[in-house]
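Me: I would like to learn how to read a structure of this kind, beginning with the surroundings of a ligand and then moving on to a sheet. Could you take me through it step by step?

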Amino acid sequence: MVLRVDPQDTIAAIATPYGESGIGIVRISGPEAAPIAENIFRPRRGAPQLCSHQIRYGEVIDPKGGETIDEVLLTFMAAPRTYTRQDIVEISCHGGFWPLKRILELVLRQGAREALPGEFTKRAFLSGRIDLTQAEAVLDIIQARTDEGLRLAEEQLRGGLTKEIAGLRERLVGLLVPIEAFIDFSEEEEDKPPLGAVTAGLRGALATIERLIAAHEEGEPYRDGVRAAIVGKANAGKSSLLNRLLERERAIVTAIPGTTTDVIEEALNLSGVLIRLMDMAGLREPRNEVEQEGVRLARERLAESHLIILVMDRSRPLDEEDRAIFRAVAARGKPVVPVLNKVDIPPYLAETALIRETGWSHPYPISALTGEGIEEMKRGMVQAIIAGRLKQGEGELIPVNLRHKLVLERARDVLDKILVNRQQEELPWDLTAIEIRRALAILGEIVGETTPEEVLDTIFSQFCIGK
Ligand SMILES: Nc1nc2c(ncn2[C@@H]2O[C@H](COP(=O)(O)OP(=O)(O)OP(=O)(O)O)[C@@H](O)[C@H]2O)c(=O)[nH]1
Ligand SMILES: [Mg+2]
């Protein structure tokens, strides 16, 4: 989607979702917004002129013929105190497809152009009202699926990452000052920039960049959901547990070990945290080619997961297969929720023996069959997620999305190279300055100062029309 269009056009779109609803909104932005609105709006009382930041009650009429289209509330907001920093008109009419479509048609016939996806937000960005990370946050808020994801997006809208990047760039500019003064005004040996301070400054900047890159990984579960792998021996009751957690029969359950071969992924919302549950093949020596693929996939998912739900069958003794799984799980170093399944039938596996072997102090006794113990186990999952987060880092999460991370990695590589070259041989000061400037320009892409047009197009084209 190419958005290289005149930002002075007056644009209009339906800003509410299609389908039946109580109200719907047609939004207009641009220099012609007010004249267009005045042409098609007849207030119930008072003068026809619109006053900024006031809501008027009246009707939308077709100026050709005078037909009344709908009863509406009309809001006019004069530039620059608006989302796009242009004049904006919002017409709230009855929801549903027809009133919205007819009002939009009228507005377009008066000379407005239909807005492209994200064009209102792009105007907010182009006018300098928000930076690119904030535009992306608007998109994230629209698409947020969990409370935590929404919180992260709101943090980004407040400019959390922008502040970090501004600090980083200030630091690099601070390093540039003595270097450029030396290049421009002096060739004297004693005026040389302090090498030690420059190196230390570069290291400091690199440490910040590494911290921001790590923040991307940390925020991932909150943006895209916590990947929880249900792991255990064949026949332990993994699929039964998946079904129990989802409260529906999603996966096939049979008494035959090796029933599940594919990975089954389903979303579950636990206390506002989106969990992506993955049921998979039991980890054991595969008996055939299908199972072999299943076990390979299961190991892959285990490696990618944020949380491991380890299902053990309490009605059977521990064996070598269990121990191999314990080792595989422990090797991952991820939060584990151990569960002892099948508590509705006589036990064989003693909890104390299990704790002795694994060190996992509180296995949750459950029955996937009857539902016993499931609520406690769910609370345990949320706790494990929160505890896992607290272990990773103190303080607030900084919202760093994939695009930001890739830009940060490029800036890191440039700074890394400067450090390496300075250590190996004398990197001339003028080249050092050029490279630091390059890193600064790369970092500018995050907030949108130096972002290539195609990247902007990709970002804004992900929006819905009317946003
Ligand atoms: N009594 C009892 N039986 C259970 C419980 N959970 C599962 N089962 C039984 O154990 C057998 C295996 O259950 P599944 O859920 O298919 O086990 P799985 O771990 O997914 O097995 P694979 O897909 O073969 O690896 C079935 O016969 C289930 O009915 C439970 O809590 N109590
Ligand atoms: Mg199964």
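**Ligand shell and sheet**

Reply: Helix α8 (residues 238-246) contributes the most to the shell around ligand 1, with 3 residues, where helices (H or I, at least four residues) and strands (E, at least two) are DSSP runs numbered from the N terminus. This is a predicted model, in which local features need pLDDT of at least 70 and side-chain atom pairs count only at pLDDT 80 or more, while totals for chains, interfaces and linings use all residues. Residues are numbered from 1 along each chain as its sequence is written, and chains are lettered from A and ligands numbered from 1 in the order in which they are written.

Me: How many residues surround ligand 1, and which are the closest?

Reply: A residue is near a molecule if its C-beta atom, placed from the backbone, lies within 6 Å of it. Here 24 residues surround ligand 1, and the closest are Gly237, Ser239, Ser240, Thr260 and Gly282.

Me: Is α8 mostly covered or uncovered?

Reply: A residue is buried if 20 or more other C-beta atoms, placed from the backbone, lie within 10 Å of its own. In α8, 8 of its 9 residues are buried, among them Lys238, Ser239 and Arg244. Just after α8, Glu247 takes a positive phi of about 60 degrees.

Me: Which strands stand at the edges of the sheet?

Reply: Two strands pair if DSSP finds at least two bridges between them. The open, mixed sheet has 7 strands in the order β3-β4-β5-β6-β2-β1-β7; β3 (41-43) and β7 (113-114) are at its edges, each with a single partner strand, so one side of each lacks a neighbour in the sheet.

Notes:
A residue is buried if 20 or more other C-beta atoms lie within 10 Å of its own, exposed if 12 or fewer, and partly exposed in between; C-beta atoms are placed from the backbone.
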